[in-house]
Amino acid sequence: MPLGEKAGFEKSQSRYCGVETEFNDNVPQLLNFNLSTGAFDFVVAPLMNPSYQASLLEKDGVLPFATSDLVLSPSQWSSHVVGKISSWIDLDSEDETLRMASETTLKQEIARVNHLSIQACILPSPKGASCANYARCVNQILLGLNNIQLWLRIPLVKTDDDDVIDANSTSFIIISGKPVHSIPRPSSDTANNFDNNSDSLRRHPLRPYLDYVGFLFRSMDPIPEQEHFELGYRDFLQSPLQPLMDNLEAQTYETFERNSKKYIQYQRAISKVLLDRVLDEEASAVTVLMVVGAGRGPLAAEETGHKLKVYAVEKNPNAVVTLHLEGWGDIVTIISCDMHYWDAPEKADILVSELLGSFGDNKLSPECLDGAQRFLKQDGISIPSSYTSFIQPVTAAKLYNDVKSHKDLVHFETAYVVKLHNVARLAPSQTASHFQHSMLIDIWVMFRFMAL
């Protein structure tokens, strides 16, 4: 049963728990014991008799695999079995006979995994300091496979003194950017401990472990609504929007508007500006607020009690239609025009924009606000008034492979928008660019280039 089957979790968020077994030639009973009795989701089982070595097999001999492929249906093989490649394999052994036997056995077992439609198999870890031939063999296998995942154990415990690798160490940071599929949990009990002549089939020695892991998982706090919405964007390459060149679609606006935290911050900023600038005795004065790039709904603060005259400037004709149909025309002055070409009838006390994008400048915020400063009074305030972009080196196996799949250099030199999740951050972030907009200074501060 998936650990994720609980309130507030979707099936895509499910986590599964399997059990590693020893070699057994009765695979159907092995599955029944661990899946039905133990309630596990899959088994990790050797497919080849561990005593087998290619160099010891007589010519034209039958390979000692665990069982016939007919004992399970293809769906059972693919859904409930993870193959375990023989652990004795040493692809970089100095013994040529062992090395050649290892290569032959690895190819035979991978071919068996492919034949059985098994979706994943665990490779033996490299032995010794050198793993050049190991890398060559695995790369050769990957070039010939389409639907099989190769899992590799990465120890997080030092074998010499049993110290756990520190979470801040380079090794752990690198691993955090890799596609981790499973986390083994050692146990002194065995999943092969069943006997037809005993009552062991009615109980499973590892069931308490599974129950406790399930309890821990169900005790986790549910994912916040905003993070839940962003699950589909995790580690997904997106081309940056170009709203100055292209008119955005309704779906894109809806995605923006789901970010309630951002709009709450805008509302708070506008409220604080009004409270700071307009004294109580001047509350009857009208404050001119301009929203440039209003989208489908202008940002305005209504809870302050101050009188506002709001201009909503938007170049997208479809968004302008929405503003009118939603009744904004009765509250604010809607301007259907590009801010670069609009001649404002009066100066603004507050200029509000949401043009930062994912990089702080990919929506051309600095360039747009350069031209929009003519709308501000000398003591006018721009929201935002300043913003800084940062750069940080990361490694992410999934993102790298997604870019690599295009098989050209152009995509490696393309800037993407990504909701980073499974990444390893290799160094602290540094300032890449800084922009400051204010009529109170003679020169707007813009650091467009930075030497790092």
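This is a predicted model: local features need pLDDT of at least 70, side-chain atom pairs count only at pLDDT 80 or more; totals for chains, interfaces and linings use all residues.
Biologist: Which residues of helix 10 are buried?

Modeller: Burial is judged from relative accessible area, with under 20% counting as buried. In helix 10, which spans residues 317-325, Ala319, Val320 and Leu323 are buried. Viewed down the axis of helix 10, the buried residues fall within an arc of 105°, so they line one face of the helix.

Biologist: What covers the buried residues of helix 10?

Modeller: The cover includes helix 8 (250-257), strand 7 (307-314) and strand 8 (333-336).

Biologist: What is found at the start of helix 10, and what just after it?

Modeller: At the start, a side-chain oxygen of Asn316 comes to within 3.1 Å of the backbone nitrogen of Asn318. Just after the helix, Gly327 adopts a positive phi of about 85°.

Biologist: How many aromatic pairs are there?

Modeller: Rings of Phe, Tyr and Trp pair if their centres lie within 6.5 Å. The count comes to 4 aromatic pairs. For Tyr400 and Phe412, the ring centres are 5.8 Å apart and the planes stand at 55°, so this pair is tilted. Tyr400 belongs to helix 12 (residues 397-404) and Phe412 to the loop between helix 12 and strand 13 (424-425), so the pair ties together parts 12 residues apart in sequence.

Biologist: Are Tyr400 and Phe412 buried, partly exposed or exposed?

Modeller: Tyr400 is partly exposed, at 44% relative accessibility; Phe412 is partly exposed, at 41%.

Biologist: Which residues do ring pairs link into a cluster?

Modeller: Tyr311, Trp342 and Phe375 are linked in this way.

How values were computed
Residues are numbered from 1 along each chain as its sequence is written. Side-chain values use heavy atoms; hydrogens and water are left out. Buried means under 20% relative accessible area, exposed over 50%, partly exposed in between (1.4 Å probe, protein chains only). Helices (H or I, at least four residues) and strands (E, at least two) are DSSP runs, numbered from the N terminus. The arc is that of the directions from the helix axis to the C-beta atoms. Contact means heavy atoms within 4.5 Å. A polar contact is a pair of N or O atoms within 3.5 Å; within protein, one must be able to donate a hydrogen and the other to accept it, and residues adjacent in sequence count only if both atoms are side-chain atoms. Rings of Phe, Tyr and Trp (its six-membered ring) pair if their centres lie within 6.5 Å; planes under 30 degrees apart count as stacked, over 60 as edge-to-face and the rest as tilted.
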